[in-house]
Amino acid sequence: GSSTGGNVSSSGGSSSSSSGGASSGASSGASSSGATGSSSGASSSGGAGTTISANTTWTDGQQIAGSVTIAPGVTVTIAPGATVTVAASSAIQVGGTLTASSATGTHAKLTGSGWTGISVASGGTLALDGVDITGATTALATLTGATNAEYDDGTITGASTPFNIAKGTTLGTKHANVTGTLGPSGIAGSFVASFLDYNSNGSEGLVITDPTATESIEDSKLH
């Protein structure tokens, strides 16, 4: 069902739906590594993919040909309005920082067909504002030890798992949209959302998977 108005917070149990005026995010992303496109910073290749070891900017038209890891202490910035294409089965793992500020004007975009998604590893920080994510299997995941993860003013389209939040970690989102969903999100940690429009597309929606998990959802529409 769909619900509007008010706030919802819950812990334990299983999925929640909540409230309020939905907000729309649209946007664009950028991406890098192991591939073609313009980018700066050192990178090294290995059997598990490419490690980005120096600060880098992902610009419009970048192609990511394989999985990439942002090393601890390294910042990758997605340029405003940039579109980055990620190859199938490729992942972006964040051990350092992945950031973007593209909420005004044209959104940035991370796109591809059947790519794995973004995972925030131990010590990693995600700060995406105005980045649309399309075609990822698990769009946003926090792994044990992730420092901070925030996704604002963007749209996630066609994900099997839009959000997957590990126990002991937190994902925050404001003014985001989730649409064309192919499966539920899993919340074992803490999920903090406001002005979220989450269309479960007939799946279970936001599912709490650990008894210690918490949700705080305000002014949002879950349907």
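I'm calling a residue buried when its relative accessible area is under 20%, exposed when over 50%, and partly exposed in between (1.4 Å probe, protein chains only).

**Ground rules.** This is a predicted model, so I take local features only at pLDDT of at least 70 and side-chain atom pairs only at 80 or more, while totals for chains, interfaces and linings use all residues. Residues are numbered from 1 along each chain as its sequence is written, and side-chain values use heavy atoms, with hydrogens and water left out.

**Confidence.** I looked up pLDDT, the predictor's confidence in each residue, from 0 to 100. The protein averages 85, and 78% of the residues score at least 70. Residues 1–41 stay under 50. Where pLDDT is low, the predicted coordinates should not be read in detail.

**Salt bridges.** I count a side-chain nitrogen of Lys or Arg within 4 Å of a carboxyl oxygen of Asp or Glu. That gives 3. E150 and K174 come to 2.8 Å between their closest N and O atoms. They link distant parts of the chain, strands β16 (residues 148–152) and β19 (residues 170–174); strands here are DSSP runs of E, at least two residues, numbered from the N terminus. K174 also meets D152, at 3.4 Å from N to O. K174 is partly exposed at 37%, but D152 is buried at 10%.

Next I checked K167 and D210, whose salt bridge has N and O 4.0 Å apart. Both sit in loops, so the pair ties together parts 43 residues apart in sequence. D210 is buried, with a relative accessible area of 16%. Shared partners join E150, D152 and K174 into one network.

Methods: Contact means heavy atoms within 4.5 Å. Helices (H or I, at least four residues) and strands (E, at least two) are DSSP runs, numbered from the N terminus.
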